[in-house]
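These notes are meant for a colleague opening this entry for the first time. Please read them beside the sequence and the model.

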Amino acid sequence: MRNGGKLPAEPRRHSFFGEEFGLHRNPRFEFLSTKGHGIGESHGAVGGIQQVLGERPYVDDMQMPGMLHGAMVLSEHPRAKVLAIHTDAAAASPGVERIFTSRDVPGERGAGLAVPDLPLFVAVGETTCCVGDFLAMVVADTQFHARQAAAKITVDYDVLEPIIDPLKASEPDSPRVHGDDTLRPAPNIIETPTKFGRGDVEAAFRTAAHVIEATFATQAVDPAFLEPESCLAYPQGKGMKVHSESQGSVFDQQTVARVLNMPPADVEIELSASGGAFGAKEELSIQAQTAMAAYLLGRPVKTTLTREQSTQHHVKRHPMILKYKVAADAEGHLLAVKARIIGDAGGYAGTSGKCLFASGVSLVRPVSRAERDVQSHAVYTNNPTSGAMRGFGTNQAHFAIEAVMGMLAERVGVDGWEIRSRNILNPGDQFATGQVMRESVRGLRESLDAVKEIYRNAKFAGVSCGIKSTGIGNGTTEEGRVVVRVIDADHVEILNGYTEMGQGVYTATMQAVCEETGLPDTIMSVRWDKELAPSAVRRGRRGRRR
């Protein structure tokens, strides 16, 4: 390892389990591998030393001979019909090689994880859906020249009244954000709303000792990662190689292939170091445009968004409107929950349908006897696009129901710890959707018990409980698959199809191989492989946010 990098014998440890309060990890989980280098042992993060020493480049650090630079032109208005894009002044600027717009896309023009509604470029004659829309791309010999030229592109618009209220956008007579003059016309309500229920909530409300009604509104939250979106693409054989820092390498590969109208096998994605994402780099940003420019010019092209452009384009945590009505008996045990949740998807669908599904199924306090009536949906507006961010739609729902639990505690005359203890989820109970909880959920009770005295003895303290699905959920079988390749007597290569974003999936994969083979981690390397990526998506790709 260069620069004398060396792992310490034992990594520094943080106080994860409240050791300063006399708490500790459950002994049932204090197992250690007898092999000394497998599961249960401490390992340095794969690539961690190189990254700390600055030896692993981010995309914007990369250079290649003959490399050109791209600069994007974004919409000035959230909802406006594009009448004309004037590029003559930009094309005459120093160093400019070519300017790309929608007419230059050789294959499909739409991208999107769930719905291909996001245009690589909004075409003349189409209407923008948010200020994150791209209209054109300038490619020049330097980044400075590219950005200077991009600033000279002017656009003629017919500016329209933006649709910014998700409640009004949900009404049947609302104008459509994705009207007939957009890439993919669609109703404002995205996908199929989540609806489920059990029992007679109205009967429970009539007989309950306590009924609480409350409406909550959460705001958009920017993930504020350090590294703006960046991509480097160049011709490789008969296809393309793309250096990307996104959270979904396999989706990058598939979408770039469709955009370039070439087989996916001819597109290689190399996952680069990421300077943060938190869910906001799941969707394609500039990868397809950069790959298209490199493909059509036959030269390497690198594009990096400015901080302003990144903030304008990338997704935010969903603003939601959450309306709850809750019934409880005299002791505060929940009897019924009725909830209606609307999520503001902004201009494009992204993961909004799935995030609002997660909100709906996560909001109800997990007690088996509570009646429930839940509906949630995402709706297009002309606000900035929303998407996954650290919790995938569950945070907002937990915030609201926890606030209701606080109100209920005041009504009953108990503290926040007690009201949660009376409604805690235990093994054998049914979750809101009818799923029967297994032994692993006992951690909720044990965690609550562990902080009881700390909470009650503190001068100022709050307490809340939440539960989040692990893995992809929704009944999908959770599996993992890797290929172990022996390079020589001192090198074993582990190939997988999962996206490493700092969450440690490469390190965990290496530990699993160490455990199964008995080989030391010092002879192992891990990398992404495009042949395994499709199977990784089919088997579930959660656990990859950072």
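This is a predicted model: local features need pLDDT of at least 70, side-chain atom pairs count only at pLDDT 80 or more; totals for chains, interfaces and linings use all residues.

1. Helix α9 (residues 352-362) packs against helix α10 (residues 394-412), with the two axes 8 Å apart and an angle of about 30° between them. Since angles under 35 degrees count as roughly parallel, α9 is roughly parallel to α10. The crossing of α9 over α10 is right-handed.

2. Which residues bring α9 and α10 together? On the α9 side they are A358, S359 and S362, and on the α10 side T394, A397 and H398. By type, the residues of this contact are two nonpolar and four polar, with no charged residue.

3. The axes of α6 and helix α7 (residues 287-297) come within 9 Å of each other and cross at roughly 45°. The pair α6 and α7 is therefore oblique. The crossing of α6 and α7 is right-handed. From α6, the contact uses D252, V256, V259 and L260; from α7, it uses Q287, A288, A291, M292 and Y295. Seven of the residues in the contact of α6 with α7 are nonpolar, one is polar and one is charged.

4. Two residues deserve a check of their backbone angles. Most residues other than glycine have a negative phi. N261 is not a glycine, yet its phi is positive, near 60°. N261 sits in the loop between α6 (249-260) and β12 (267-271). Is N261 buried or exposed? With a relative accessible area of 62%, N261 is exposed, because the cut-off for that class is over 50%.

5. The other residue is R390, which is not a glycine either and has a positive phi of about 45°. R390 is found in the loop between β18 (386-387) and α10. Its relative accessible area is 44%, so R390 is partly exposed.

6. P78 is placed in the loop between β1 (68-74) and β2 (80-86). A relative accessibility of 26% makes P78 partly exposed. What does P78 touch, leaving aside its neighbours within four places in sequence? The contacts are with T128, C129, C130, V131, P162 and N382. P78 and I163 are 85 residues apart along the chain, while 8.8 Å separates their C-alpha atoms.

7. S285 belongs to the loop between β12 and α7. At a relative accessible area of 10%, S285 is buried. Not counting residues up to four places away in sequence, S285 touches F134, E229 and H313.

8. Once neighbours within four places in sequence are left aside, T101 is in contact with F121, L135 and A136.

9. Some totals for the chain follow. The chain has 15 helices and 21 strands. Of its 546 residues, 51% are buried. Among contacts with a separation of 6 or more, 79% join residues 24 or more positions apart.

10. Last, the confidence values. How does the chain score on average? The average pLDDT is 87, and 87% of the residues score at least 70. Over residues 536-546, pLDDT stays under 50. For residues 536-546 the model has 44 contacts beyond four places in sequence.

Conventions
Residues are numbered from 1 along each chain as its sequence is written. Side-chain values use heavy atoms; hydrogens and water are left out. Contact means heavy atoms within 4.5 Å. pLDDT is the predictor's confidence in each residue, from 0 to 100. Axes are lines fitted to C-alpha atoms, for helices over the stretch in contact, and angles run from 0 to 180 degrees between N-to-C directions. Helices (H or I, at least four residues) and strands (E, at least two) are DSSP runs, numbered from the N terminus. Angles under 35 degrees count as roughly parallel, over 145 as roughly antiparallel, 65 to 115 as roughly perpendicular and the rest as oblique. A crossing is left-handed if the near helix is turned anticlockwise from the far one by less than a right angle, and right-handed if clockwise. Ala, Val, Leu, Ile, Met, Phe, Trp, Tyr, Cys and Pro count as nonpolar, Asp, Glu, Lys and Arg as charged, and the others, Gly among them, as polar. Buried means under 20% relative accessible area, exposed over 50%, partly exposed in between (1.4 Å probe, protein chains only).
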